[in-house]
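Have the model open beside you as you read.

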Amino acid sequence: MEIVDASQSGSLLNVRQALAAFTDPANVGIAVSSTRDAESGYTSLHFSSANNDVAVLELLLSHCKNEEVVAASTGVQHRSQTILHVAASRGSAETCQLIATRFPSLIATVNDWSETPIALAAAANALDAVKMLLMSDPGRKAALIQDKWGRTAHQVALQHGYLEVAALFPDVATLSPPPPPPPVTPAAPPPPAAALVSAQSSITSAAVTSELMTALSKRNQRITEPSTIVRNIFSAHTEPLARPTAPQPTSAQAPKRKAISSQIEFPATESHVSSLVADPAHFDPDGRDMYGFTALHKLASWNQVDILSLLLPHTDPNARTLEGFTALHCAIDAGAVDALSALKQDPRVDLDNVRDTKGRSGREFAKEMGFEAYLN
């Protein structure tokens, strides 16, 4: 098994076997840090960081030099995400601590969109990861860095309504950059000439009334909402900051439900998910997180079959990610055979007709990955 595939599996045994296959020990570190997945451009270090596989990551890092780890985070993969960016965006707090401790320079490193790891953790509502990153002086300084849309990590959390995360930042006044200087007010125009005054005074009262009523009708109009954007698994929230508006009546509108997916991180707990499912007025079982994943996609990937079975009756089992993956595809991709077997038992799961962006049905993908026997 190749080192990248072994790391994706999350199996320490597979990774050890892949490392042992190298005949020249001197080349192991280079292979670990430079061998990349063809689609994402991620190295084995990225995959173990994303999946919070701390033991796997420690083993891989033990074969790499510091400069090789930093080189693995250069602009080859999607948006130049460092391994700390990936860990933070997935809320992998233990992995964040390991990486930040050994490679503190990565804490303030930005990706192609000028996003820091702590900003991605804030965007993912990852409380523990944000707490950990704020414990160090580099982390507190990184919280000041603005992304390409002019947002600090604190502002990202506020923008998406993650008030508990926003409250972690100790002092908004010091963590938020100073406001831009006020615009220079142009000098008042000279008084109009007598002829112009005379012309202006000739405006009829009907025209003045019409203009006044038009202005009044526009005064309370809402600012247009930012347009919906497409997200993918590696992207962070990228919409511009909305301007503050006066509170508007909302009695005629149903409250916006939060996605259960955005409320859970690995490992999910049955009590937590049960409480969210029991409150459908506020939490949507089929809602998606910022990467386009539903809670069912996550639980299938994590092989948390008991919680998956609890949630399954309340969801669309054939909902697809931006890559076209159903929960079944996710389970196959992660080698989560228990989740795979549980999903197969649901008669709503379509094994043959729902296809990913590469045109593969669940059954075809299982055959390709060697899990066909679990669907028979």
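## Aromatic pairs

Tyr374 is partly exposed, with a relative accessible area of 38%, while Phe371 is buried at 17% (buried means under 20% relative accessible area, exposed over 50%, partly exposed in between, with a 1.4 Å probe and protein chains only). A search of the whole structure finds five aromatic pairs; rings of Phe, Tyr and Trp (its six-membered ring) pair if their centres lie within 6.5 Å, with planes under 30 degrees apart counted as stacked, over 60 as edge-to-face and the rest as tilted. Phe325 and Phe365 make one of these, a tilted pair with 5.4 Å from centre to centre and 50° between the planes. This pair links distant parts of the chain, 40 residues apart: Phe325 sits in the loop between α19 (305–311) and α20 (327–334), and Phe365 in helix α22 (residues 362–369). Phe325 counts as buried at 10% relative accessibility, and Phe365 does too, at 2%. Phe371 and Tyr374 also form a tilted pair, with 6.1 Å between centres and 55° between planes.

The model is predicted: local features need pLDDT of at least 70, side-chain atom pairs count only at pLDDT 80 or more, and totals for chains, interfaces and linings use all residues. Residues are numbered from 1 along each chain as its sequence is written, and side-chain values use heavy atoms, leaving out hydrogens and water.

## The chain as a whole

The chain has 22 helices and two strands (DSSP runs numbered from the N terminus, helices being H or I of at least four residues and strands E of at least two). Of its 376 residues, 43% count as buried. Among contacts with a separation of 6 or more, 68% join residues 24 or more positions apart; contact means heavy atoms within 4.5 Å.

## The nonpolar core

Which residues touch the most other members of the largest nonpolar core? They are Ile118, Ile264, Leu308 and Leu343, in a core of 88 residues (a set of buried Ala, Val, Leu, Ile, Met, Phe, Trp, Tyr and Cys residues joined through side-chain atoms within 4.5 Å). Beyond its neighbours within four places in sequence, Ile264 is in contact with His272, Val273, Leu276, Ala295, Lys298, Leu299 and Trp302.
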